[in-house]
Amino acid sequence: MQSKFNLPKITRWVLLAVWGLFAIFPVYWMIITAFKKQRDIFQGPFLFPFLDFTPATQSWERVFGQDRDDILKGLGNSLLFSSVSALIAVVLGAFAAYGLARYTYKYGPYRNNDLSFLIVSQRIMPPIVAVIALFTMFRTVGLIDSPFGMILAYTWFNLPLTVFILTDFMKRIPLDIEHAAAIDGYKKFAQIWKVVLPLAMPGLAAAYLLSFFFSWNDFILALMLTFQKSSTLPIVITNMSAQMEPRWWLISAVGILAIIPPMLAVIVLDRFMERQVLHGGTR
Amino acid sequence: MKHLLIAPPLLFFFAISVIPLLFTLGLSVTNTSIGGSGSFIGLNNYAQLFSDQFFLRGFLNTILYVVLGVTAQYWLGLGLALLVNSMVHGKRLIRLLILLPMMIPPLIVGFVWQTLLDSRYGPVAGLFTGLHLKPVPWLTDPTLGFVSIVIVDTWQWTPFMFLLLFTGLRTLPKEPFEAARVDGASSWRIFWDHTFPMLLPASIAAILLRSIESFKLFDIVFFITGGGPGGATNTLTLLGYFTSLRSGNLGYGAAMSIILLLTVVVLATLILIVVRRLMARADKAGQQALDQFLAEPLPVKVA
C-alpha cells in the first residue's frame with residue numbers, strides 16, 4: 001500500500017530524524033556512561049568522548065575482574081532459564097497447538113475456541129496476582145530461589161504465547177502430508193515429530209525467540225521468586241544500583257551485556273517477519 | 001492421544017494460574033503476614049483499601065498511565081508507520097532503529113532514564129541550562145514524576161504500536177488508494193476515508209494489547225521513582241509488591257492485586273464492547289475487516 005503523504009520529503013526526514021534522536025539517545029548515553037569514571041558522571045552531563053571526557057575502561061576491568069563471578073552468575077542464570085523455558089514452552093505449545101488445530105475437543109461446555117481462550121487469557125492476568133501466591137507456594141515446597149522453580153515460572157509465562165502463535169501455523173500445514181506419512185507407516189507421534197514440526201519450523205523459531213525475549217526481559221518474577229543462588233541478570237543489576245551513589249559506569253557496562261541477546265533475537269525475528277510479508281501476507 | 005497433546009498447557013493453566021488466583025483470593029480475606037500465619041478477617045482488607053490514600057492514588061495512577069500512555073503511543077506509532085511506509089529506501093534499517101527501545105529490558109530502560117532525567121548531572125537538565133531555562137525537578141516533583149513515567153513508557157512502547165500498525169499498513173490492498181488518488185482526493189481525505197478505517201482492526205489489536213500490558217506497569221517505575229515522591233507515581237503492581245514482600249503484609253497486598261485483576265478484566269471488556277459498537281457504525285470495509293480479525297488471530301502475533 002502506498003498512502004503517500006504529500007508532506008515534502010524534507011519534512012518527513014526531519015520528523016523521522018527527531019524521533020530517531022529521541023529513540024537512540026538513551027542508548028548512546030548508556031554506552032558512553034559505561035566508559036566514564038565516577039567523577040565524569042557526577043560533574044555534569046558530558047556527551048562526547050574525547051572532547052568532554054577521556055574514555056576509561058575502568059568499568060570493563062571490573063566486569064571482567066572483581067565483579068566477574070557475580071555477573072557471570074546472573075548472565076548464566078538468565079541464559080539458562082530463558083533458553084530452557086523457551087524450549088519447553090515451544091515444544092509443549094507446538095503439541096497443544098497441533099491438537100487444537102486438528103482435533104475437536106469437548107470438555108463439558110469447553111470446546112476448542114474456549115480452550116484457546118482460557119490458555120491465552122492468562123496473559124491478561126497481571127503477574128503480581130499469581131506471583132504473591134507463587135511466592136508462598138514455592139516457599140512451602142522449597143522452590144524459591146531454585147533454577148527449577150524459575151524455569152517452571154517462565155514456562156508458564158510463555159506457554160500461552162507459544163500456543164497462540166503456533167495454532168495458526170499448524171492450521172496452515174496441509175493434511176495431505178500427514179496422510180502420506182501415515183501411509184508410510186509413521187505412528188501419530190512420529191508424524192508430528194518428524195513431519196509436522198519440521199514444516200512448522202519458521203513458526204517454532206519465531207515462538208522460541210519471542211519466549212526467550214520475554215523471559216530475558218522479565219523482572220517481577222525474578223524479583224519475587226529469587227534471592228541469591230538463582231538471581232538473574234536484572235536482579236544482579238538491581239543489587240548494584242541499590243547504593244547511595246550508584247556506580248552508573250559499572251551498571252551501564254552490565255546493561256550493555258544485558259541488551260545484546262534480546263537485540264539479536266529481534267533482529268533475527270525481523271528477518272522472519274519480513275519474509276512472511278513478502279510471501280504475500282500469508283494470513 | 002488428543003487429550004495428551006493439550007494436557008500440559010491446561011495443567012499449567014490450573015497449577016500456576018487458577019490455583020494461585022484462588023490462593024491469592026483466599027489470602028486477601030486474611031491478615032496473613034510474611035512471617036507467620038493469619039486469620040480470617042472477611043472483607044476488612046477490601047474495606048480498608050477504600051480509605052487508603054496510597055492505594056487510591058495508585059489505582060488512579062494505573063488507569064491514567066494506561067489512558068495517557070496508550071493514547072500517546074498510538075498516535076505517535078501511527079504517524080511513524082505512515083512516514084516509514086511512504087519511504088522508498090532504507091526501510092529495514094529505519095525500522096530496526098525505531099524498534100530499538102522495545103528490545104531493551106524495561107529495567108535497563110529504568111536506570112538509563114533515571115540518569116538521563118537527574119536534575120544535577122543528567123543531560124536533560126544540561127539541555128535546559130544550555131537554553132537558559134530553569135532546571136526542572138523531573139523526578140522529585142509529584143506531577144513531573146508522573147509525566148516522566150508516561151514519557152519513558154511512551155519511549156519504550158511506541159515501537160510496539162509502530163510494529164503492529166506498520167505491518168497492518170503493508171497488508172492493505174492498493175486499489176482503493178489508487179482510485180481515490182485518480183479521483184483527486186487529498187492525502188488528508190484519503191487517510192481519513194480509506195487508510196484509517198481499513199487500519200482499524202490492526203489499531204484495535206494494538207490498543208488492546210498495549211492496554212493490557214500497560215496495566216502491569218512495574219519495572220520502569222520501580223527504577224525511576226520507586227513510586228515516589230510520596231506515592232505520586234505508584235502503580236498497583238508496585239504497591240502490591242511493596243505491601244506484600246517489603247512490608248510483609250501478604251493479605252493486604254493480595255487484596256490490592258485482586259482489585260487490579262478486576263480492573264483489567266472490566267476495562268478490557270469495556271474497550272472491546274465500545275470498539276465493537278463503533279465498528280458497527282463504521283463502513284462496510286471496516287466491518288468486514290473486523291470480522292476477519294475476530295475470526296483469525298492477529299496479523300502480527302506479539303502478545
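This is a predicted model: local features need pLDDT of at least 70, side-chain atom pairs count only at pLDDT 80 or more; totals for chains, interfaces and linings use all residues.
**Entry 1: chain B overall**

I began with the secondary structure of chain B. I found 13 helices and zero strands. Read along the sequence, the pattern is α-α-α-α-α-α-α-α-α-α-α-α-α. I then looked up its extent. The C-alpha trace of chain B spans about 75 × 70 × 35 Å along its principal axes. Chain B has 303 residues, and 46% of them count as buried. I also checked how far apart in sequence its contacts reach. Among contacts in chain B with a separation of 6 or more, 70% join residues 24 or more positions apart.

**Entry 2: where A touches B**

Next I turned to the two chains together. I noted 80 residues of chain A in contact with 81 residues of chain B. Which helix gives the most to the side of chain A that touches chain B? It is helix α1 (residues 9–33) of chain A, with 13 residues. I sorted that side of chain A by class and got 60 nonpolar, 13 polar and seven charged residues.

I picked helix α6 (residues 127–141) of chain A and helix α1 (residues 2–27) of chain B. Their axes come within 8 Å and cross at roughly 85°. An angle of 65 to 115 degrees counts as roughly perpendicular, so that is how α6(A) and α1(B) lie to each other. I listed the residues that make the contact. From α6(A) they are V129(A), A130(A), I132(A), A133(A), L134(A) and M137(A). From α1(B) they include I16(B), P20(B), F23(B) and L27(B). By class, this contact has 11 nonpolar, two polar and no charged residues.

**Entry 3: helix α4 of chain B**

I checked the length of helix α4 (residues 91–103) of chain B. Its 13 residues should span 18 Å at 1.5 Å a residue, and the end C-alpha atoms are 18 Å apart, which agrees. I did find a bend. α4(B) bends by about 25° at L97(B). A proline, P101(B), follows within four residues. P101(B) is also one of the buried residues of α4(B).

**Entry 4: L72(A)**

Last, I looked up a single residue. L72(A) sits in helix α4 (residues 68–102) of chain A. Is L72(A) buried or partly exposed? I counted 13 other C-beta atoms within 10 Å, so L72(A) is partly exposed.

Notes. Residues are numbered from 1 along each chain as its sequence is written. Chains are lettered from A and ligands numbered from 1 in the order in which they are written. Two residues are in contact if their C-beta atoms, placed from the backbone, lie within 7 Å. Helices (H or I, at least four residues) and strands (E, at least two) are DSSP runs, numbered from the N terminus. Ala, Val, Leu, Ile, Met, Phe, Trp, Tyr, Cys and Pro count as nonpolar, Asp, Glu, Lys and Arg as charged, and the others, Gly among them, as polar. Axes are lines fitted to C-alpha atoms, for helices over the stretch in contact, and angles run from 0 to 180 degrees between N-to-C directions. Angles under 35 degrees count as roughly parallel, over 145 as roughly antiparallel, 65 to 115 as roughly perpendicular and the rest as oblique. A residue is buried if 20 or more other C-beta atoms lie within 10 Å of its own, exposed if 12 or fewer, and partly exposed in between; C-beta atoms are placed from the backbone. The expected span of a helix is 1.5 Å times one less than its number of residues. The bend at a residue is the angle between axes fitted to the seven residues ending there and the seven starting there.
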